[in-house]
Amino acid sequence: MRRKGVNYSKYGYIFSLPFIFAFLVFSLYPILYTAAIGFTNLQGLIPKPIQILDDPFQNFKDLIYHNVAFRTSLSNTALLWIANFIPQIVLALLLAAWFTNQRLRIRGQGAFKVLLYMPNIITASTIAVLFSTLFAYPMGPVNSFFELMGWSDEPILFLQDKTTARGIVSFIQFWMWYGNTMIILVAGVMGINPALFESAAMDGANGFQTFFRITLPSLRTILLYVLIVSMIGGLQMFDIPQLFIAPGGGPDNATLTTSVFIYGQAFKGSYLYNRAAAASMIMFLIAAVLSAALFYAMRDRDAARIRKEEKKLRKAAKAAARGA
Amino acid sequence: MTNRERSGTVPLSVHAMKESGKVSRGVNKTVIYIVLVFLALLSILPFWTMFVNATRSTPEIQSGLSLLPSTHLLSNWNVLLDKSFDPFRGFLNSLIISGAATLLTVYFSSLTAYGLTVYNWKMRQPFFTFIMCVMMIPAQASAIGFYQFMYKLHWTNSFLPLILPAIAAPAVVFFMRQYLLATLSIEMVEAARIDGSGEFYTFNRIVMPIMIPAVATQAIFAFVANWNNLFMPLILLTQKDKYTLPIMVSLLKGDIYKTEFGSIYLGLALTTLPLFVIYFLLSRYIIAGVALGGVKE
Amino acid sequence: MKRLFTGATAIILLASVLSACGGNSNSSGNAGASSSPSTGGSSSAESSAGNEPKEKVTINLWAFTDEIPNMTTKYLATHPDANVEFKTTIIATTDGAYQPALDQALAAGGKDAPDIYAAEAAFVLKYSQGDASDYAANYADLGLTDDMVKEADIAQYSVDIGSKDGQLKALGYQATGGAFIYRRSLAKDTFGTDDPATIKNEIGPGWDKFFDAAAKLKAKGYGIVSGDGDIWHPIENSSDVGWLVDGKLHIDPKREQFLDLSKKLKDNGFHNDTQDWTEAWYADMSGSGKQPIFGFFGPAWLINYVMNGQVKDTNGDWAVTEPPTGFFWGGTWLLANKDVAKDEAKKAAVADFIHWVTLDTSETGLQNYWANGTMKDGEQGTKDSVASAVVMSKSNGQIDLLGGQNMFDVFVPANANASGKNLTQYDESINIIWRDQVREYTSGNKSRDQAIADFKQRVKDELNIDSE
């Protein structure tokens, strides 16, 4: 019996080998290389010998302390993500609640889901260019529409005002992802034990109470998954900010996200590879820290809950043993 | 014990409440339907405008909004081609890259997932945790180094750096592993071993067919993700005949096309047409896949 | 369904492996065939190359529009005994896609390296004087001497831009000296005449007179220019020095004045507050903006390539005159790769083509066709102002848009007034930042000092250039 385990275990290694190899070559090495470049003076397209800077952390320090554009991009990335995510999760939860509410029985759910998910599948760059032309001034479709409805007397320069530019970028991200989030949440709600809902109904709970006391807590794991995935994606927001307003960055750098900043440093202007690499490393650290924090929160609650329940069971058993 | 159970009849007050509950539910439903229809329109309108404007001429577009198509499709098409926008080339390039990458992703992810579930090996759990961590790495962290690396290898303007890394796809491995854990029984593998089949043979001939639903779902997502990828191809491909569709779209906005709105919309419509086709044919599977991917026990 | 899927993907994988391996070397050949719609010329040249089995010289041509590739067609048609073949690569400059590709190709060298490459005014300095200038051959080494340049009376600014340490490395075929293009009807209504000589003195010289004219126009309900971008180009080119002095950012007082002039335009409603290259700006070319606009600043190509398609009903109602201050805007320069000198045959072929485009003042020289709009046989094409004043003086620059006025009368002196001495290789990026900050100031979002401070900070952030 033991022989089988020993004999075949090596296949585990063999089968995983392509993955490991590809990862080492195409992911790990580039990451290390990027990190290394962050410590050098690699700039410009004409090949020159690279040296490590006298102060290895020069690039990092410059970025954090002296580079206003980088700091702006960090705050923009956070701002744009929050403005996109909060409406997204609220709407997705609302829709999920409606779609899974047995009493409401919404018809045509399948069709609605297909339509609401659609923006997610279309190329982001296409959407960016499309929206850019839709919001054109003076006679883009949106401006024409506003005028038709009497909402504005004269055409609005959507793309030049910082607030509207940011608002539209956030809106586009929201529009692209809320269908995706909704479907995941619906699946999550379907996965909740129906017995929970039945006992809640018997206890006389109405829609609101059921939602906030039963559904939400049970969805905690999925909500955290959605949060992490959206956050990692948000940190890398590139296509929309880059293409929606040309040149990437928007009016007074209002829509400059970190990815756009890094791209601009490395592949335009003065080809400052070392600074771009340093910025990439900083973003990596931020992503790692945020993910770790979220994972920590997640693990703790699950484990804590389990521990609490075990304690309760033990107490109940003891009480029963004493009582009986 | 509620009042209902004790008395055996439904008190008038509860009955009244249920009636008003029905009315408010009716009102609720109307509101909900209005919201849903509004959202559905919100999803459709931009694309509808795009397709309609692809058929209108630039002066028509500049004069206002219209929901009805016009007759300038052919002239827009000619302008587009004249300005050296080659949708066929872009389509072919995108197809090659996405297709090859998808194949590699689903096959090797299944392989790795199989290795993680069926075999009991020392590094199994650490390796799995490692894969989870890799999932979190943002693309930018490796982008600069990747670019420099490929530049030194003279692999810029080649499709290989866009295809080969697809072999290592942590998210897909994760998904396949979940699926295998749920559907694969070790007995099947052991039975195959007894019948004398080698490990690879078992995987390719017996296990892969079982995984087809998961493979199909992940294949769709991998294909779409690769098709839509802008960043990596943008920095690696500089020769015009190597451009993928997203790159061409990003160039539509620039100088040469600024005045010709009709052709811009047409270019956009062309680049998204394949996606729409795929989506409407396979929407059921896609949505099921999203749902599956979200539920992680 | 499943089998179809598997089969299709298998085919795709096979195709991808084959194309990925063989794609590298073969692809650039395709680019030549598919780029210009009328490249029948190259194959006909082959057949009429005579009986000598000389090896065809392949010239790798890199451009960012199809203008120069179309010229190769004309070249081969007018030079039937030229034993060359052009392999063209066209990458548009949008989103900065052209330069990285060109730079990589130059750095890589080898057989596929560009032999002749084009650079636009926005970034030509990088290639003629800056970081990439080491790749460029000296025109003298190709046999194109300074005497030829003098004989053709090439505009001085063009020579200045294309020279490094006195050695000429780049020349253009267009001259893009700028003029003021105005509406005749609005001029008659406001100033009583549409005569270019009179208008010239109404709007200048100098900006004070310009704003006086603006006030007069405003009284009649007209704006003088479409947006602040329109006055930027003359201001930019009128400064004494460029953005960089000794490697540090320097704001020339004349350029700094743009902040104030732009604000003055906006506060007084002298313009429609448009941004150049947007819909609203084009709309003003046909007088359909918020208020009718008097004029635009621009070179000949603005008239013939941009306004041409936008003027609609106002066609014929325009005229040109000298601007308040001389400037140039845009233009394309041709450079040759240093390595072409290594091969005699290639060197001769490259030199001949470049000479034909930039220095040939004869009837069959490119500039003659270009100026008169006779690039396509039997068709009256677009006319344009060319680099050689000699050619322009013998050409007919009358165009309908200008109501029959001969544009060369104005553009020849305009070219002479442009300056090629106040540019840097970072201009494109710096200008974008500068215009953005000026816009913030004029729209009231920032104070003047804040805008300047932010400008300096952003230049440092994005380009690593310190301020003085």
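Student: What makes up domain 1 and domain 2 of chain C?

Tutor: In this predicted model, domain 1 of chain C consists of 31-175 + 331-368, while domain 2 consists of 179-328 + 399-463. The centres of domain 1 and domain 2 of chain C, taken over C-alpha atoms, are separated by 32 Å.

Student: How do you know that domain 1 of chain C is in contact with domain 2 of chain C, and how many residues are in contact?

Tutor: Two residues count as in contact if their C-beta atoms lie within 7 Å. By that test, 15 residues of domain 1 of chain C are in contact with 14 residues of domain 2 of chain C. On the side of domain 1 that touches domain 2, α5 (124-128) and α7 (156-162) of chain C each supply at least two residues. The largest share, five residues, comes from α7(C). By type, the residues on this side of domain 1 of chain C are seven nonpolar, five polar and three charged.

Student: Why do the end C-alpha atoms of helix α19 of chain C agree with the span it should have?

Tutor: The expected span is 1.5 Å times one less than the number of residues. Helix α19 (residues 427-442) of chain C has 16 residues and should therefore span 22 Å; its end C-alpha atoms are 22 Å apart, so the two values agree.

Student: What makes α19(C) mostly covered?

Tutor: A residue is buried if 20 or more other C-beta atoms lie within 10 Å of its own. In α19(C), 13 of the 16 residues are buried, and the helix is accordingly described as mostly covered. Just after α19(C), Gly444(C) takes a positive phi of about 85°.

Student: What is the secondary structure of chain A?

Tutor: Chain A has 13 helices and zero strands. Among its contacts with a separation of 6 or more, 68% join residues 24 or more positions apart.

Student: Which residues of chain B make up the side that touches chain A?

Tutor: The contact takes 70 residues from chain B and 78 residues from chain A. Helix α15 (residues 261-294) of chain B gives the largest share of the chain B side, 12 residues. That side divides into 46 nonpolar, 18 polar and six charged residues.

Notes
Residues are numbered from 1 along each chain as its sequence is written. Chains are lettered from A and ligands numbered from 1 in the order in which they are written. This is a predicted model: local features need pLDDT of at least 70, side-chain atom pairs count only at pLDDT 80 or more; totals for chains, interfaces and linings use all residues. Helices (H or I, at least four residues) and strands (E, at least two) are DSSP runs, numbered from the N terminus. Ala, Val, Leu, Ile, Met, Phe, Trp, Tyr, Cys and Pro count as nonpolar, Asp, Glu, Lys and Arg as charged, and the others, Gly among them, as polar. Domain bounds come from an automatic or database domain assignment. A residue is buried if 20 or more other C-beta atoms lie within 10 Å of its own, exposed if 12 or fewer, and partly exposed in between; C-beta atoms are placed from the backbone.
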